[in-house]
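Hello,

Here is the structure I said I would pass on to you. Please open it beside this email and follow along.

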Amino acid sequence: MDLISCVERTLSPDPNVRNPAYQTLIQMQNADFPNYILMLSQILSDETKLSNVRQNSGIILKNAIGLQNEAGQSKWIQAGDSTRGAIKQNIFKTLACSVRDASKTASLVLAAIGVIEIPLGLWESLISDIAGAMKADNHMLKISLLTALGYLCQDSDEDALTRFSGAILGAVMSGIESQQPLPVREAGCQALLNALPFVSRNMSNDTERSFLMNTICDLTKLGLGSSASSVAVGSPEWLSLRKMREKGYECLVLVCDKYYEYLLPYMSRIFEATIEAIRGRHTPPPPAEGEYAANNEEILLLVLDMWLMIGEREKDLEERERNRLEDDPEAVEVGETGSGMYASSSTPANMGGMQLGAVEVDGDGNPVIKSLGLCKMACSSLLPEILPVFLDISENTFTAENWNPVHGAEAVLEYLVVHNGDTVLSTVNQFIASAFARGDWKGADAAIRAFGCLPLACSDDAMKPLVDSALPKMFQLYFTQPTTAAASSVPSAAPGTLAMNEDAAAILKETIIAAISKVVCGCVLLAAPFLSDIVRVLEVALADSDSDVVEGACQCTADIANIALKILADDSDDDDIDEGDGAASDTSVPSASVQIAASIEATAQQTNFMSGVIAKLFDPVLQKAMNVQSFGGKSTAVAWNAANLMLNSAAADAIPFVSTRVKMVLDAAGQQMQESLARIQQQQQQQQGQPVKDQLLEAEETQYREYLMFLSSAVQKLASSSPLLLTPCFEAAVRALSLPMDKVNEEALALLEGISDAEESNFLARLPACMPHLTRCIQMIEYDDIVITACNTVGSVVRSSDGKGREILQQFLPFIVEQITKISAAIYPIPQYTDPFAAPSGASSASPATASPSVSSNGLPPLPPEWVSLSALSSYLSLFFDYALEWKAAISQYIPPLCPLFAKAACVCGWPSPQGSQEKVDLLRSSALECFSAAFHALNPKTMGSSPMPTAVTEETIVQLVRLLSAYAYQAISALLVLNSPRPSTPQAPQPASYAAAVALPQNALGGQTMAKLCALLLDMAQTVPGSAVSVCSNRDVVAFVLAHVKDEDPEVKKAARSARKAIRSLKIKI
């Protein structure tokens, strides 16, 4: 079968025809890849072929070399210049084709080629080629070029195209020009949106930035006023203008997100676009075109998203500034309005007249981004526009899950409140009063939503009158009965009723419960006098037939319990301060728990305000959590969360009540898991040991995980007061480990860890009963999460064993060492690392696990096999860390084989795939550095204590082992310091052209955990082996590294660096 026949057959609806054709294509691809892709490009460019055949050949070609096919990308490079050049010619020829399916597919292929070749410098002229071709008088070619450029930007890493940003913008802007046909301009708008992440250099230029921002703001006006006067409403041209307008708003959102620091001079136009989007939401659609109405809502949502981004960004920046001032009390505080990166002497109400000021830079010359205070500037003008959107709610279209303008307006108002505090109260109070005055359910819902945005940021003093008046009204509304008539804006005549249907009533109930949650979270002292009424509402809501209402009630209950936990923690902190520091406390101000207790109707036995909540709500919440058949999965999770938080917040008087409920959960979990296990075993017998496919398993797995997480909380909370619960909890965990459910096994292991922590060395008596399960789980290297949890569990047993049970715990060590050796042999270190005891060049290495894999012809080592898991290796190293700290010199026999593996893991080289991500690389490096620290402590006579010394370990052996450790630690530290560069903000980077350049990958940047553990290792060496530490810490690079991070943004890094600095000084090293 020839290639064209295969391509045609892949279009067949008959799988008996289609599937063999795909198999033949795979064979052709494997047999002669260069000729295969060349022929596909020829079919794509052949105007005699059918449109769908041409399109399909292009898609097959794109998939053969696309982003998801790393092997195909390598084969593309190896195909040779002549083959690649011929394919590019065919693609460029097809771009000008009048058959849109073919030309668009050619755009996809062109972008896929560019994504591969541009980072490697193989097609530096592509962008200029596209820009030059845009001058041709061929509208279809321009559309195809702009489409290709858009795809190229969409799929490329940021570093790959930044240097071409000028040419990219030139091509895009030429396509957006008003004299271009509308289809070309549409393609240009999409390309502009995709290109914006690459134009940071252009945005830093005043002239180019102003041109770009004005162009984007002009797009938001298309289809309005004079731009639409000559176009018939509802016509294809009119719809094109509307689509371009929406793209303009999308561009505006992206600019606000990525280039926030440059917004101030353009806020007048941005605010104008905001007002047009909000006020245009009710513009009636033309009779035959419903797309117009959807377009209006999409634009409104984009504007709301834009202000959400601004609000969130300014909140983060202001928090960072507060932290900076706390760290450096002498720093100058940034002004509240019109200050920050750009200065403005005044801010008119319409937000115009803002001028770009001087840019503040840090010590390295990089711009310091600070809050521009845009939410403060816009507040007085934006509030009156946002609030009426609350009234747009409809019982026919509104759902709690779907993002819609009402949700968006609510979120924007919350940020305006966060940034402006009590100053918003006057405007919002007026709206609340007018909305309530409408007398209909929509007005009540809008008023309560607006009220719910206030408590999280407004002061208690300012909120008290509003809370005192609003909460009783909300309670009354919750119990108001809906009329049988359809919901309307007509006020109800009958007292105690409201004109709304059941759907509207459910929405209003959800809103009331959500507002109660926000009051409790934001001003709990004001809510406390109403606690009994709140509990009554929640008690009724938990019995409601509407699952969204029940879910909201569970969430509100969880919020109350969470606030109780925070209050108890604050009280505990106050006690610690009084006892520890002897500082005078202000006894005139009672604690929050005391104030709450004084304002509620509590019984004499209650020891905190949660006791009454638990007595009323724990049973219905737990019932909802356990009744998975009648209660949805997400709602079940919310109910379990509420039950867990109530359990954790229970005071002494509630413990007996809660303990009986835990026993109820144990009985239900045990019975259900036993039934599942019996059913699975029966099915396995029927299927002769084959894997069981049971439709019930997925639902049961979710529920069993919740059971086990609840029991873990119970163990942590009740172990001391109800120790008899530990045995049935252990039995439940062992039973759960018998189920073929990976996620359930994880939670069962976590439960065992909690029991081990509670019982300490007494847990060793239970270990034989769970030993087979622990051994199985710790060996499941194909499941990272299970290995991680199993290692944590065994580590907990080791840490709490107090040196006992070594005979049984010893069984894990050989496997741990075996797995560390096996995985280490499949990874490679950064090129700056060399084994200090490696065999001379040309000689065979004594340890294959420490050797780097062979380097391929392109200079890169091969990618590790798919089974390689850095997370599993990190867990095995962490478990060895626990053994070393607890068993001290008893692990000395493992130091010689493992020491080089610690160094190799500490210097692991990441690779461009999820397996070798920066997060996993950082975790592995930090775990390996911890093993060095633990080994130094294990071999230090001062820290051995009464730990028995193996008979084969002499003082001379200890000295030799310390020297070995020091040599590998020094080499690892030296290699890691090469990576001492700022952590990247982008998750990807181009494939390096050589192994030596691999350190440029973001995966290999020095991560926060590695920095902290590296500093900790320097401290541990200074304390345990000061002689070796002097040679390490005298290194200028080491000193520079430590000093560079004593003010790191990461608090863990900063703390570790300061300790390391102190340790270096203790070695009499001047820094």
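Predicted model: local features only at pLDDT ≥ 70, side-chain atom pairs only at ≥ 80, totals over all residues.

Let me start with α23 and α25. Helix α23 covers residues 502-522 and helix α25 covers residues 531-541; their axes come within 11 Å and cross at roughly 140°. That angle makes α23 oblique to α25, because angles over 145 degrees would be needed for roughly antiparallel. The crossing of the two is left-handed. If you want to look at the side chains, α23 brings Ile-513, Ile-516 and Val-520 to the contact, and α25 meets them with Ile-534, Val-537, Leu-538 and Ala-541. What kinds of residue make up this contact of α23 with α25? Seven are nonpolar, with no polar and no charged residues.

The other pair is further along the chain. Here helix α34 (residues 767-778) and helix α35 (residues 784-800) have axes that come within 9 Å and cross at roughly 145°. Once again you will find a left-handed crossing where α34 passes α35. On the α34 side the contact involves Leu-767, Leu-774, Cys-777 and Ile-778. Facing them from α35 are Ile-786, Val-787, Ala-790, Cys-791, Thr-793, Val-794 and Val-797. The contact of α34 with α35 divides into ten nonpolar residues, one polar and no charged.

You will find Lys-888 in the loop between α38 (870-887) and α39 (895-906). Is Lys-888 buried or exposed? With a relative accessible area of 15%, Lys-888 is buried, because the cut-off for buried is under 20%.

Finally, the cysteines. How many disulfides does a search of the whole structure find? The search comes back with zero. Cys-97 has 5% relative accessibility and so counts as buried. Cys-899 is buried too, at a relative accessible area of 0%. Cys-777 in α34 and Cys-791 in α35 are among the residues of the helix contact described above.

Happy browsing, and do write back with any questions.

Best wishes

Key. Residues numbered from 1 in each chain as written. Heavy atoms only, no water. Axes fitted to C-alpha atoms, helices over the stretch in contact; angles between N-to-C directions. Helix = DSSP H or I, 4+ residues; strand = E, 2+ residues; numbered from the N terminus. Left-handed = near helix turned anticlockwise from the far one by under 90°. Contact = heavy atoms within 4.5 Å. Nonpolar A, V, L, I, M, F, W, Y, C, P; charged D, E, K, R; others polar. Buried < 20%, exposed > 50% of the residue type's maximum accessible area, 1.4 Å probe, protein only. Disulfide = S-S within 2.5 Å. Parallel < 35°, antiparallel > 145°, perpendicular 65-115°, else oblique.
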